Amino acid sequence: MTMAGIVTSRHLLLWLLFGAAMLALPQFVSNGTIRIIIFANFLAIFAMSWDFLSGKTGYVSFGHPFLIGIGAYASAILSYRFHVPLEFSIPLAVLATLVGGTLFFLPALRIKGTYFALVTLAFMELMYQLIQVVRPDLTGGTRGMSGIKTVLTGAAPNFYLSFMLMFVIAFSLWLLSRTRLGTALDAIAMNEEAVSGSGLSTTRLKLFAFMVSATVAGIGGAFYVHYLGSIAPRALFDINFVFTIIVSALIGGASTIVGPMIGAFFMTFLLEYLRPVLPGSERYFVYGMIALVLYVYKPKGILAILADLRDGMRAQGTGRAQRGKAS
Amino acid sequence: MAKLLELDQVVKRFGGIVATNGLTFDVNKGESLALIGPNGAGKTTIFSLIMGEIRQNAGTIRLKGEEISGLATHQRIGRGIARTYQVPRPFADMDVAGNIRVGMMPNNLWQMLAKGPDPDAELALALSVGFSEGDLHKKPATLSMGDLRKLELARTLATRPEIMLLDEVFAGLTVGEIAQISDLLAQKRREGMTFIIVSHDLRSLEPLVDRAVAMTFGRQIAEGSFRAVMDDEQVRAAYLGQ
């Protein structure tokens, strides 16, 4: 049964190679690049959190910073205001995110599609407004907080930490998505009525997806704030941040987990390399264009392009072999 | 004979329209019942009510003597009822095996995680409805209407029902496909499956049923042997519009 059925040794080898290559990276690239990759790791975590919920079940979240924000703010407040050690503040923050995830889940019982997306957007906006007015002595109000304790210092240690987090999350979500449960979540996006028509409780399946997504968002948010050392509502509850997450997941290949991870790296480097040319928010216009072109010609994203390339190379290989035989 | 499914005075209103008006009938275990009537008579509504996809305004629905009106669709399926749809609803991005896989899943998250799919059982079920082994990895978009109906039957059978509600199983099929599906249903009947079948193809329906209920405008107008119901004055009037 279990592992053997869903994972081949080739898969494991690829994961191992990827992990080893990334861990060796700090030996070869500059600290600046390492800092960029740290951001890519966090974006990948957020994009995979989004993907496990929205990519899989089709319940598109436009308010993921709501979940990320709960994780980030909870841990920041606990450690900064109440001097709770990070070993406790981070797990507590993840628990808080689960409560937030439950709230996030409630509208999904009644509404779907565009309406659900709008409600999640409202969640984020509400959080943005509330954080500034309710107990600003705790949240830091509009200006946020700075001087928050960091887990580690220096580029390389933070790279290892963020990469290990990202890697473990990616591998776990990828495994989950290959189980029958993952298949059932995919089926919800295709036809929710037919899933309940197959005797499965879609409420329970959706709740599971929301909880997993919230856990990952909470972990990502909490570690992110303890990497940055500061937090400000303006940057976190920002529609551009939402789009960066969603576009990463979509151009990578929604519902594949690995796709959003690739997408996050692609997006981070794209935005970073565009910075000298387009210093302002015009950069977002460029990635909007790339996303648009990709949706039109390859809606399944970068991962599908890679798969096509692989199949193309195989076909060419066999074609050559056959021609060789013929002549 | 033991009554498997009983409907008692079931009423369903959509706004001012009464789709089902005090309907009362039952199906015995192992029996096959035809539900006939002109378009808009309320046949599909009854299926939706039995499955709990919509709820009745009045009346009771009992399975094996137990009231099931409070149960959600997946719970009713868990108790042994399943239906097919007039328009097949496959999971578009999954192949035939994947579609069957979803049908076979237990409604238990832990088991879904801990146990992988069972390709042998998937294949056996696919073969039992008339697919060949080569069809297993075809996507629904490439299947004919006959194959889509087979897929729907396979996914429904995968939930291990005791009673199946079949909605227009012969619609859109070629003569050859009708014969195939008929054979399959006849075989399931011999194995003891209970059916309620809705079909406009009365000639194909007749050999597959023990009894018929005819309805029009949400009311029951005749019940009895298939022949007797077809010869009924009111039924003829409803069909021919006299």
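Me: Why are helices α4(A) and α11(A) called oblique to each other?

Reply: The axes of α4 (residues 64–82) and α11 (residues 202–228) of chain A cross at roughly 50° and come within 7 Å. Axes are lines fitted to C-alpha atoms, for helices over the stretch in contact, and angles run from 0 to 180 degrees between N-to-C directions. Angles under 35 degrees count as roughly parallel, over 145 as roughly antiparallel, 65 to 115 as roughly perpendicular and the rest as oblique. The pair α4(A) and α11(A) is therefore oblique. This is a predicted model, in which local features need pLDDT of at least 70 and side-chain atom pairs count only at pLDDT 80 or more, while totals for chains, interfaces and linings use all residues. Residues are numbered from 1 along each chain as its sequence is written, chains are lettered from A and ligands numbered from 1 in the order in which they are written, and side-chain values use heavy atoms, with hydrogens and water left out.

Me: What makes α2(A) and α8(A) roughly antiparallel?

Reply: The axes of α2 (residues 9–24) and α8 (residues 155–178) of chain A cross at roughly 165° and come within 11 Å. That angle is over 145, so α2(A) and α8(A) are roughly antiparallel to each other. Their crossing is right-handed. Among the residues that meet are A:W15, A:F18 and A:M22 in α2(A) and A:F163, A:F167 and A:W174 in α8(A). The contact of α2(A) with α8(A) has 14 nonpolar, two polar and one charged residue.

Me: How do you know how α3(B) stands to α5(B)?

Reply: The axes of α3 (residues 96–104) and α5 (residues 119–128) of chain B come within 10 Å and cross at roughly 105°. This lies in the range 65 to 115, which makes α3(B) roughly perpendicular to α5(B). B:A97, B:I100, B:R101 and B:M104 in α3(B) meet B:A121, B:E122, B:L125 and B:A126 in α5(B). By class, six of these residues are nonpolar, none polar and two charged.

Me: What is the strand order of the four-stranded sheet of chain B, and why do β2 and β5 stand at the edges?

Reply: The open sheet has the order β2-β1-β4-β5 with antiparallel pairing. Two strands pair if DSSP finds at least two bridges between them. Strands β2 (17–28) and β5 (66–67) of chain B each have a single partner strand, so one side of each is left without a neighbour in the sheet. β1 (residues 3–14) and β4 (residues 58–63) of chain B are joined by five bridges, whereas β1(B) and β2(B) are joined by eight. Within the second pair, B:L5 has B:V27 as its bridge partner.

Me: Which strands form the six-stranded sheet of chain B?

Reply: Its order is β6-β7-β8-β3-β9-β10, with mixed pairing. The edge strands β6 (81–83) and β10 (219–224) each pair on one side only. β3 (residues 32–36) and β9 (residues 211–216) of chain B pair in the parallel sense over four bridges, and B:I36 stands opposite B:A214 in β9(B).

Me: What is the secondary structure of chain A, and why is the chain called as compact as a globular protein of its length?

Reply: Chain A comes to 16 helices and two strands, where helices (H or I, at least four residues) and strands (E, at least two) are DSSP runs, numbered from the N terminus. The radius of gyration of chain A is 21 Å, close to the 20 Å that the globule rule gives for 327 residues, so chain A is as compact as a globular protein of that length. The radius is taken over C-alpha atoms, and the rule is 2.2 Å times the number of residues to the power 0.38.

Me: How does chain B stand against a compact globule?

Reply: For 242 residues a compact globule would have a radius of gyration near 18 Å, and chain B agrees with 18 Å. Chain B comes to ten helices and ten strands.

How values were computed
A crossing is left-handed if the near helix is turned anticlockwise from the far one by less than a right angle, and right-handed if clockwise. Contact means heavy atoms within 4.5 Å. Ala, Val, Leu, Ile, Met, Phe, Trp, Tyr, Cys and Pro count as nonpolar, Asp, Glu, Lys and Arg as charged, and the others, Gly among them, as polar.
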